[in-house]
Amino acid sequence: PGRGFAAAAERALAYLRPQLVDPCGAEGRACLLSEGRAELCTNALVAIASLEARRGGGDRTHDALLRRLVAFITALQQPSGDFHHVFSPKEGVVPGPRKQFCSEEAALALVLAHEAFGEPALLVAAERALDYLTVTKYDFFLGRLTYGADHWTCIAADEAFGRLSHTRYVDFCLGYAAFLARLQYGAGEAPADFVGHYGVGRLVVPSAGPTATVAEALASTLALAKKHGRPALPVRDQLFSALAALLRDQLRPDNTWMFPVPARLVGGFRRSLVEPELRIDFAQHALSGLVRGAELLALEGAADQQ
């Protein structure tokens with residue numbers, strides 16, 4: 001199965017590479033355009049996918065193009081460590097509303113790029129990004145009382161450990177996990193179908209997407225805490241409660257009978273128990289969380305046997 005996944009990933013990347021505009025705004029930079037503009041989110045995700053595939057033994061003959069894509073992402077970084085989110089080769093940086101997840105995904109792209117290519121400047125850029133996301137971003141009056149969509153931040157912090165092992169990163173992620181724990185439904189607090197999911201109150205049915213992305217962040221936070229020698233049993237319990245909720249809601253032969261072609265849906269994830277919409281990112285985030293959970297269980301089992 002692993003070879004099949006790798007082949008599918010390579011087909012996807014082979015489809016994307018010809019669409020990268022090279023040069024993009026300046027020599028040495030390449031980017032993916034949509035309607036004449038390049039969004040940081042989209043380009044960071046293409047870079048992450050390419051770097052993950054490369055790390056898994058994928059095709060390295062396109063490294064020069066990948067380096068130019070990473071150079072484009074780096075060029076959008078601001079002095080604060082944050083990033084511009086939209087760029088036009090004709091207009092330059094495009095001002096406008098901030099786009100969710102973009103800066104966090106760019107931070108992960110830089111961390112993975114440094115691992116791949118070993119250029120010191122990439123590690124400096126990654127550190128600036130993580131420092132912004134974990135410190136500067138929340139440097140306001142109520143900043144330590146709330147968090148945003150920071151799951152990519154904690155994934156990046158875990159990936160950076162060993163090269164960037166600052167305690168402020170694990171402190172941030174443990175705080176993020178504790179904040180999210182207050183929003184997780186526990187047994188007896190809500191209908192049984194809600195347990196393990198995240199939300200507010202009993203009237204709105206929780207969605208699979210947020211639960212899956214939180215599970216990804218919790219898996220990285222738990223791994224990062226263990227690397228720092230920090231106790232994190234509450235994070236572990238929270239993670240596996242979220243994964244149990246996803247497994248309970250996953251589409252199977254016994255709960256797809258009402259759909260026109262049930263067999264095509266098996267393995268997928270609905271938006272919620274009352275919203276049948278399926279999206280590829282629901283399945284992707286859930287799969288990532290489940291795989292990370294399985295890896296952590298395997299590591300725990302190996303440690304118990306020693």
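Arginine 17 is buried, at a relative accessible area of 16% (buried means under 20%, exposed over 50% and partly exposed in between, with a 1.4 Å probe and protein chains only). Its salt-bridge partner is glutamate 10, and the closest N and O atoms are 2.9 Å apart. Glutamate 10 is partly exposed, at 23% relative accessibility. The model is predicted: local features need pLDDT of at least 70, side-chain atom pairs count only at pLDDT 80 or more, and totals for chains, interfaces and linings use all residues. Residues are numbered from 1 along each chain as its sequence is written, and side-chain values use heavy atoms, with hydrogens and water left out.

Side chains of opposite charge can pair when their charged atoms come close. A salt bridge here is a side-chain nitrogen of Lys or Arg within 4 Å of a carboxyl oxygen of Asp or Glu. The whole structure holds 24 salt bridges. One of them joins lysine 227 to aspartate 158, with the closest N and O atoms 2.6 Å apart. Lysine 227 belongs to helix H8 (residues 208–227) and aspartate 158 to helix H6 (residues 151–160), so the pair ties together parts that are 69 residues apart in sequence. Helices (H or I, at least four residues) and strands (E, at least two) are DSSP runs, numbered from the N terminus. Aspartate 158 is buried, at 7% relative accessibility. Lysine 227 is partly exposed, at 42%.

Another salt bridge joins glutamate 300 and arginine 236, at 2.9 Å from N to O. Glutamate 300 lies in helix H10 (residues 280–305) and arginine 236 in helix H9 (residues 233–249), so this contact ties together parts that are 64 residues apart in sequence. Glutamate 300 is buried, at 17% relative accessibility. Arginine 236 is partly exposed, at 24%. Elsewhere, a network of salt bridges links Glu52, Arg55, Glu115, Glu159 and Arg163.

Helix packing was examined next. Axes are lines fitted to C-alpha atoms, for helices over the stretch in contact, and angles run from 0 to 180 degrees between N-to-C directions. Helix H4 (residues 102–117) packs on H6 at about 15 degrees, with the axes 8 Å apart. H4 and H6 are therefore roughly parallel. The axes of helix H7 (residues 167–181) and H8 come within 10 Å and cross at roughly 135 degrees. That makes H7 oblique to H8. Angles under 35 degrees count as roughly parallel, over 145 as roughly antiparallel, 65 to 115 as roughly perpendicular and the rest as oblique.

The surface carries a nonpolar patch of about 510 Å², made by Phe140, Phe141, Leu142 and Leu145. Patches are made of residues with over 30% relative accessible area and no salt bridge; like charges are joined within 9 Å, and nonpolar side chains (Val, Leu, Ile, Met, Phe, Trp, Tyr) within 5 Å. Accessible areas come from the Shrake-Rupley method with a 1.4 Å probe; for residues, only the protein chains shown count as cover. Leucine 145 sits in the loop between helix H5 (120–134) and H6. Leucine 145 is exposed, at 62% relative accessibility.

The peptide bond from aspartate 22 to proline 23 is cis, with omega near 5 degrees. Proline 23 lies in the loop between strand S1 (20–21) and strand S2 (31–32). Glutamate 35 is not a glycine, yet has a positive phi of about 55 degrees. Glutamate 35 is exposed, at 83% relative accessible area.
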